[in-house]
Amino acid sequence: MIRVYEELADTSRRQILAELIGGSKNVCQIVKATCLKQPNVSNHLARMRERGILRATKSGREVFYSISSPEIEAVIAQALVKRETQTCPPTWEDAAELYSKAAVQGDEAGCAVILEKLIGSNACIIDLYQKLIVPAMRNVGYWYYDQTIDAAQEHMASAITERMMSRIVQAYATSKKLDKTAILGCGPNSWHVIGLRMASDYLRICGWKTLFLGANVPIACFLSTVAHQKPNVVLLSCKAEDGLVGGIDLVKALNEVRSKKEYFSIGVGGCCAGKHKDELVAAGADFICTDLETFASVIVPCIEKKGKPPKAVA
């Protein structure tokens with residue numbers, strides 16, 4: 001890895017590598033982000049590609065550059081953290097504030113630096129999600145509703161956060177395997193998936209097999225997957241009111257399926273689910289859980305030990 005540190009010693013190449021953490025970019029994007037001259041950027045990219053630090057992928061007429069391996073990216077991220085003059089945020093609140101501001105500005109490298117500092121301090125995954133990602137995205141939501149930021153910035157912050165979550169999963173990956181399967185997804189007209197992704201990531205790290213279906217899944221497709229995979233638990237997200245009707249319909253359909261065939265638990269999370277828990281439970285949900293800490297400390301252990309969630313709704 002000596003060659004990596006040699007490249008990081010150059011200010012311009014260090015800027016370029018910082019921009020490439022977390023995703024590929026073409027020359028124009030790098031020039032715009034670093035304010036370096038295009039010929040200089042091209043020369044630096046060619047040098048680092050020859051040294052095996054970067055790889056180039058052609059897409060149509062454009063060439064996109066990315067860091068050549070996760071191992072090299074990790075070394076670069078750690079080195080950049082050490083070079084930062086700013087100390088690690090003293091509190092989770094400060095970290096979340098800095099992260100959310102970086103995310104809405106499209107500063108993915110800044111988000112990565114904050115995340116790497118916290119991972120390096122041995123923070124647990126629950127704290128990273130509950131104390132960093134959740135409040136940071138809550139800030140983004142407030143700014144969007146206040147029209148401080150626009151829809152493009154809100155979407156950009158969400159996309160960056162999903163990529164940061166992938167980094168967290170890699171950092172906490174385990175070889176542990178349990179004979180447990182979870183299917184996670186959103187019903188019709190439900191689009192917010194970050195909270196559901198957190199639950200999926202946590203279960204994966206615990207050794208579960210997780211099948212993440214994403215947003216706005218048609219009910220028939222959801223039921224088909226459940227019938228084929230025979231999960232232990234099905235988790236849905238209902239964060240906004242727009243998705244409530246579709247969420248209730250999906251819970252009813254899942255409850256009907258399990259009444260005829262196999263047993264599996266049905267759980268629903270999200271702000272809207274917390275407000276309408278009685279309706280969702282009446283439709284057939286076994287539990288409503290609106291925070292990851294409760295899910296991890298109460299719901300998951302009960303399912304793993306007893307095969308069913310606790311009777312009380314969280």
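Serine 59 stands opposite glutamate 62 of strand β3 in this predicted model, for which local features need pLDDT of at least 70, side-chain atom pairs count only at pLDDT 80 or more, and totals for chains, interfaces and linings use all residues. Residues are numbered from 1 along each chain as its sequence is written, and side-chain values use heavy atoms, with hydrogens and water left out.

Strand β2 (residues 54-59) pairs with β3 in the antiparallel sense over 6 bridges, where strands are DSSP runs of E of at least two residues and helices are runs of H or I of at least four, numbered from the N terminus, and where two strands pair if DSSP finds at least two bridges between them. The two strands β2 and β3 form a hairpin with 2 residues between them, and glycine 60 in this turn has a positive phi of about 65 degrees. Strand β3 (residues 62-67) also pairs with strand β1 (residues 25-26), again in the antiparallel sense, over 2 bridges; here tyrosine 65 in β3 is the bridge partner of lysine 25.

Among the helices, α2 (residues 11-20) and α4 (residues 38-50) have axes that come within 10 Å and cross at roughly 75 degrees, the axes being lines fitted to C-alpha atoms over the stretch in contact and the angles running from 0 to 180 degrees between N-to-C directions. Helices α2 and α4 are therefore roughly perpendicular to each other, a term for angles of 65 to 115 degrees, whereas angles under 35 degrees count as roughly parallel, those over 145 as roughly antiparallel and the rest as oblique. Ser12, Arg13, Ile16 and Leu17 in α2 meet Val41, His44, Leu45, Arg47 and Met48 in α4, contact meaning heavy atoms within 4.5 Å.

The axes of helix α7 (residues 108-120) and helix α9 (residues 151-171) come within 11 Å and cross at roughly 30 degrees, so that α7 and α9 are roughly parallel to each other. Their contact is made by Glu108, Cys111, Ala112, Leu115, Glu116 and Ile119 of α7 together with Ile160, Arg163, Met164, Arg167, Ile168 and Ala171 of α9.

Across the whole structure, 13 salt bridges are found, each defined as a side-chain nitrogen of Lys or Arg within 4 Å of a carboxyl oxygen of Asp or Glu. Arginine 167 forms a salt bridge with glutamate 73, the closest N and O atoms lying 2.8 Å apart. This pair links distant parts of the chain, with arginine 167 in helix α9 and glutamate 73 in helix α5 (residues 70-83), 94 residues apart.
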